[in-house]
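I opened a notebook page for this one and jotted down each thing as I looked it up. Here are the entries, in the order I made them.

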Amino acid sequence: MERVIFHCDLNNFYASVECLHHPQYRNVPMAVGGDVEKRHGIILAKNMLAKKAGVTTGEALWQAMQKCPNLTIVKPNFSLYLRFSRLVREIYADYTDRIESFGIDEVWMDVTESAKLFGDPVELADTIRQRIKDEVGITASIGVSFNKVFAKLGSDYKKPDATTVITPQNMEHIVFPLPVEDLLYVGRATTQKMHLMGIYTIGDCARTDVGLLKRRLGQWGEYLWRFANGLDNSPVLVHQQEPPVKSIGNSTTCPRDLANLQDVKIVAFVLAESVAARLKEAHLMGSVISVGVRDIHLHGYTRQIKLQQATNLSDEIAKTAMELFESNIDFSTPLRSIGIKVSDLQVDGGPQQLTLFRDPHAQERALALETAIEKIRDKYGFTSVQRLVMKEDPLLSSFNPKHDHVIFPESYFKG
Amino acid sequence: MAKKIYVDVILHHSKEGRIKPLAIVWANGVKYAIDKVTQITKAASTVAGGTGIRYTCYIQGQPRYLYLEEDRWFIESHKGG
């Protein structure tokens with residue numbers, strides 16, 4: 001049976017939420033972006049007026065200001081956007097449990113089974129759009145199709161606040177004339193290769209011999225050919241309640257074996273600083289600190305402790321981790337690698353339970369200090385500011401887990 | 001233009017878990033009793049700028065929208081009241 005897949009895209013998501021909350025932004029060109037006072041950062045989202053002035057997502061703030069001198073730039077408020085994302089997801093969940101997130105503002109939904117309960121697919125898509133508009137106050141565009149790739153093309157086809165249907169009957173008319181780079185996973189490099197082969201539209205790609213595409217582009221050539229022909233059969237994954245990230249951690253195999261607590265301390269501080277910086281970047285904090293150790297015979301174990309209050313401070317993470325190391329390692333065998341992980345994550349900036357035993361002002365000062373150090377490091381390199389303990393053994397501390405750490409892109413073929 | 005005004009609200013919280021607003025307390029301390037609630041629905045307030053659960057309340061015979069935004073209440077205020 002032919003599937004019914006929706007791709008829902010919340011239009012100019014961050015900017016739409018800001019415009020809803022601040023009526024004064026609605027009639028001026030406005031964009032959500034990095035730090036205005038510091039005059040750096042990029043455009044994350046823009047409203048329709050800014051779009052008309054030529055402002056594009058991803059460009060530097062100064063570039064946008066040149067195109068549109070009266071542009072209002074607003075700092076992002078991620079916890080607000082997460083709330084809106086959750087409100088919209090609650091609406092989707094009224095219609096199916098097969099909801100797969102693609103970022104904070106896009107989802108695929110498989111409504112093959114449920115669409116008939118709510119009229120036909122187009123009627124259902126229009127109902128969902130209307131509910132998002134009435135109940136949440138922002139607009140969405142929805143692509144309705146028989147596979148995920150075409151559904152996504154559909155939601156891009158007409159914006160804002162529109163439904164586009166792509167069927168096997170009209171796909172040659174709607175999809176084939178689109179530029180090939182509109183196809184999911186066709187990036188700049190692939191586009192260039194395609195152009196060299198004389199492939200400019202999705203239709204060109206669909207009509208090219210699949211063997212030729214495979215020879216030029218490898219396995220991806222066949223995937224893209226299947227995508228272009230509407231033969232994508234990847235499933236929409238089942239709705240997951242958990243946030244996409246459950247923990248942030250780093251571990252390292254040390255340049256030399258660790259023989260005592262001082263050695264552990266040097267490495268632990270480097271790891272804790274990396275974990276803390278990554279938490280702050282993701283706007284998260286966590287209340288469970290775990291450590292893992294592995295000795296030279298590759299035997300290992302993990303230990304964890306729950307803090308009273310969530311943290312994203314390297315000092316607290318390092319000190320807690322050191323307590324765990326101290327009470328668990330006996331050094332009868334030297335250690336080869338150690339790791340630190342923070343879990344039980346929550347979004348930072350939310351309300352916090354204060355405790356009697358921790359000074360909130362000291363905490364704010366520590367956060368300001370660490371943020372400043374991280375900015376210096378971003379600009380002048382990781383070693384521009386270091387803790388004294390790292391100088392004790394430059395060899396042990398001479399790694400930068402945050403920058404050396406490779407983040408793999410979310411796979412389309414997961415599950 | 002309408003403004004978003006957060007207000008104190010006196011509630012009845014039933015043992016079944018239902019919440020019913022009984023009165024709005026204005027910033028100057030004046031209490032306005034809510035005679036009845038005719039509709040409760042999720043809704044966005046485009047005029048005031050916010051989203052939440054909207055209670056259509058009758059106060060002194062006039063319908064007013066009262067919004068529960070997570071854990072705070074706001075009303076759409078016209079010309080300060």
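**Entry 1**

I started with helix 10 and helix 11 of chain A: Val210(A), Leu213(A), Lys214(A), Arg216(A) and Leu217(A) in helix 10 meet Trp220(A), Gly221(A), Glu222(A), Leu224(A) and Trp225(A) in helix 11. I noted that two residues are in contact if their C-beta atoms, placed from the backbone, lie within 7 Å. By class, I found 6 nonpolar, 1 polar and 3 charged residues in the contact of helix 10 with helix 11 of chain A. Here Ala, Val, Leu, Ile, Met, Phe, Trp, Tyr, Cys and Pro count as nonpolar, Asp, Glu, Lys and Arg as charged, and the others, Gly among them, as polar.

Before going on, I wrote down that this is a predicted model, where local features need pLDDT of at least 70, side-chain atom pairs count only at pLDDT 80 or more, and totals for chains, interfaces and linings use all residues. Residues are numbered from 1 along each chain as its sequence is written, while chains are lettered from A and ligands numbered from 1 in the order in which they are written.

I also needed the rule for elements: helices (H or I, at least four residues) and strands (E, at least two) are DSSP runs, numbered from the N terminus.

**Entry 1: how those helices cross**

Two packed helices are described by the angle between their axes and the distance between the axes. Axes are lines fitted to C-alpha atoms, for helices over the stretch in contact, and angles run from 0 to 180 degrees between N-to-C directions.

**Entry 2: the three-stranded sheet**

In what order do the 3 strands of the open sheet in chain A come? I read 3-2-4, with mixed pairing. Two strands pair if DSSP finds at least two bridges between them. Strand 3 (43-46) and strand 4 (72-74) of chain A are at the edges with a single partner strand each, so one side of each has no neighbour in the sheet. The twist averages 30° from one strand to the next.

Strand 2 (residues 30-33) and strand 3 of chain A run antiparallel and are joined by 3 bridges. I spotted Val32(A) opposite Ala45(A) of strand 3. Helix 1 (residues 13-21) of chain A packs on the sheet and touches strand 2, strand 3 and strand 4, with its direction at about 120° to that of strand 2.

**Entry 3: one proline**

Next I picked Pro29(A), in the loop between helix 1 and strand 2 of chain A. Is Pro29(A) buried or exposed? Pro29(A) is buried, because 23 other C-beta atoms lie within 10 Å. The rule is that 20 or more other C-beta atoms within 10 Å of its own make a residue buried, 12 or fewer make it exposed, and anything in between is partly exposed, with C-beta atoms placed from the backbone.

Leaving aside neighbours within four places in sequence, Pro29(A) has contacts including Asn47(A), Leu49(A) and Cys68(A). Pro29(A) and Ile73(A) are 44 residues apart in sequence, yet 8.8 Å apart in space, C-alpha to C-alpha.

**Entry 4: the five-stranded sheet**

Chain A also has an open sheet of 5 strands in the order 5-6-1-7-8, with mixed pairing. Strand 5 (99-101) and strand 8 (163-165) of chain A are the edge strands, each pairing on one side only. Strand 5 and strand 6 (residues 106-110) of chain A pair in the antiparallel sense over 3 bridges. The bridge partner of Ser101(A) in strand 6 is Val107(A).

**Entry 5: chain B**

I counted 0 helices and 7 strands in chain B. Of its 81 residues, 21% count as buried. The contact between the chains takes 8 residues from chain B and 9 residues from chain A. Strand 4 of chain B gives the most to the side of chain B that touches chain A, with 3 residues.
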